[in-house]
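Visitor: Hi! I have a model open and would like a walk through it. Could you take me around?

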Amino acid sequence: MFDWIEHLADWLVFDVFNLEKGKHLTEALHFFIFDSVKILLLVFIVIFFMGIVNSYFPVEKVRNYLSRKKLYGFEYLMASLFGTVTPFCSCSSVPLFIGFVKGGIPLGVTFSFLVTSPLVNEVAIGLFIGLFGLKTTIIYVISGVLLGTISGVILQKLKLEKYLSPWVQQVLENSQKETEKFEIEHTTFKNRLPSIWNETKTILKGILPYVIIGIAIGGLMHGYIPEGFFEQYLSKDNWFAVPIATLLAVPMYSGASGVLPVVQVLVAKGIPLGTAIAFMMGVVGLSLPEAMLLKKVMTLKLIGIFFSVVTLCIIISGYVFNIIF
């Protein structure tokens with residue numbers, strides 16, 4: 001799907017800029033170009049698509065359905081399962097998060113998606129089967145879905161909507177006004193498009209600086225932090241290895257396909273599987289670039305609460321994996 005972006009990045013880095021393969025700058029620049037094009041393309045498609053969906057499905061009806069129906073937590077599980085079929089990293093999941101919030105989906109449910117989406121997808125599943133076998137893969141998928149579900153439930157109980165950024169509050173207000181207008185006037189799809197397009201441009205303009213900054217930070221980390229840098233902190237006999245691995249992973253940024261080979265090396269060097277997986281979850285599910293993107297839609301307090309809850313759940317998952325294996 002993204003092969004053409006890979007070829008574009010290869011052409012720019014190796015042919016146009018004539019940089020040598022394997023160098024830190026080369027790796028960082030290649031990462032930046034590839035992820036910038038990929039994520040901005042995904043951002044545009046997702047925001048535009050969610051604009052169409054939001055114009056046809058009134059926010060109030062969605063809210064009323066979710067508030068009146070006793071789903072017994074099933075909505076959190078549904079969001080987590082949806083996250084498993086979306087091949088996005090933590091940064092490219094953020095536009096969908098915005099779309100969910102705009103659509104009136106409860107904040108905790110959107111968090112369930114945001115947690116699971118980068119952790120469990122077809123790429124991660126395929127690599128996990130090849131590296132660790134079917135049994136470990138099944139346990140990982142189940143733990144990832146449960147991690148998203150439980151995190152979403154906890155975050156919803158905390159009632160954190162007031163900590164969304166003023167920008168998101170304004171987007172929600174405008175979205176609600178547009179939806180009510182469309183419902184009253186029975187506007188055709190053709191006539192809805194200009195409003196949807198304008199809303200898409202407004203959102204893109206608002207988040208673009210954060211996307212670029214986030215990817216730039218990720219590119220520098222990808223190019224300049226050596227793969228074996230953290231192994232000394234993850235020894236087998238260290239009881240605090242799981243929380244240390246999780247906390248050390250947060251500044252890093254990579255998709256599951258990039259970090260899983262590192263996890264394999266860590267396990268081969270004698271690091272417990274649960275500790276290595278906690279490290280992977282920290283890299284994939286939490287990152288500073290993601291925090292930069294979330295800063296546009298959340299206050300710092302909400303980002304801190306979100307990261308704290310997910311970090312705690314990851315640490316618990318790491319210990320559980322170590323007990324099982």
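Visitor: I clicked on Lys296. Is Lys296 buried or exposed?
Guide: Lys296 counts as buried, because its relative accessible area is 16% and the cut-off for buried is under 20%. Keep in mind that this is a predicted model.

Visitor: Where is Lys296 found?
Guide: Lys296 is in the loop between helix H14 (288–294) and H15. In space, its C-alpha is 9.1 Å from that of Pro166, although 130 residues separate Lys296 and Pro166 in sequence.

Visitor: Let's zoom out. How many helices and strands does the protein chain have?
Guide: The protein chain has 15 helices and zero strands. Of its 325 residues, 50% are buried.

Visitor: And what about contacts along the chain?
Guide: Take the contacts between residues at least 6 apart in sequence: 83% of them join residues at least 24 apart.

Visitor: What does the accessible surface come to?
Guide: About 15,600 Å², and carbon and sulfur atoms account for 68% of that.

Visitor: Which residues does UniProt list for "transmembrane region"?
Guide: The UniProt entry, which is unreviewed, lists residues 39–57, 77–101, 138–155, 207–225, 240–263, 270–288 and 300–321.

Visitor: How much helix is there in 270–288?
Guide: Residues 270–288 are 74% helix and 0% strand, with the end C-alpha atoms 28 Å apart. For residues 300–321, the figures are 100% helix and 0% strand, and the end C-alpha atoms lie 31 Å apart.

Visitor: Now helix H11. Which of its residues are buried?
Guide: H11 covers residues 241–249, and its buried residues are Ala241, Val242, Pro243, Ala245, Thr246 and Ala249.

Visitor: What do those buried residues pack against?
Guide: They pack against two helices, H13 (273–285) and H15 (300–324).

Visitor: How does Leu146 count, in terms of accessibility?
Guide: Leu146, which lies in helix H8, has 44% relative accessibility and so counts as partly exposed.

Visitor: I like aromatics. How many aromatic pairs are there?
Guide: The count is six aromatic pairs. One of them is Phe128 with Tyr140, which is stacked because the ring centres are 4.3 Å apart and the planes are at 15°, with under 30 degrees counting as stacked.

Visitor: Where do those two sit in the chain?
Guide: Phe128 belongs to helix H7 (residues 122–132) and Tyr140 to helix H8, 12 residues apart. Phe128 is buried at 0% relative accessibility, and Tyr140 is buried too, at 1%.

Visitor: Why is the pair of Phe306 and Phe307 called edge-to-face?
Guide: Their ring centres are 5.7 Å apart and the planes meet at 70°, so the pair is edge-to-face; the cut-off for that label is over 60 degrees. Both Phe306 and Phe307 are buried, and together with Phe111 they form one aromatic cluster.

Visitor: Last one: what is the phi of Asn18?
Guide: Phi of Asn18 is near 55°, a positive value in a residue other than glycine. Asn18 sits in the loop between helix H1 (3–16) and H2 and counts as exposed, at 62% relative accessibility. Lys159 also is not a glycine, and has a positive phi of about 50°. Lys159 lies in the loop between H8 and helix H9 (166–185), and it is exposed, with a relative accessible area of 62%.

Definitions and conventions:
Residues are numbered from 1 along each chain as its sequence is written. This is a predicted model: local features need pLDDT of at least 70, side-chain atom pairs count only at pLDDT 80 or more; totals for chains, interfaces and linings use all residues. Side-chain values use heavy atoms; hydrogens and water are left out. UniProt positions are given in the numbering used here, feature names are shortened, and annotations may be inferred rather than shown by experiment. Helices (H or I, at least four residues) and strands (E, at least two) are DSSP runs, numbered from the N terminus. Buried means under 20% relative accessible area, exposed over 50%, partly exposed in between (1.4 Å probe, protein chains only). Contact means heavy atoms within 4.5 Å. Rings of Phe, Tyr and Trp (its six-membered ring) pair if their centres lie within 6.5 Å; planes under 30 degrees apart count as stacked, over 60 as edge-to-face and the rest as tilted. Accessible areas come from the Shrake-Rupley method with a 1.4 Å probe; for residues, only the protein chains shown count as cover.
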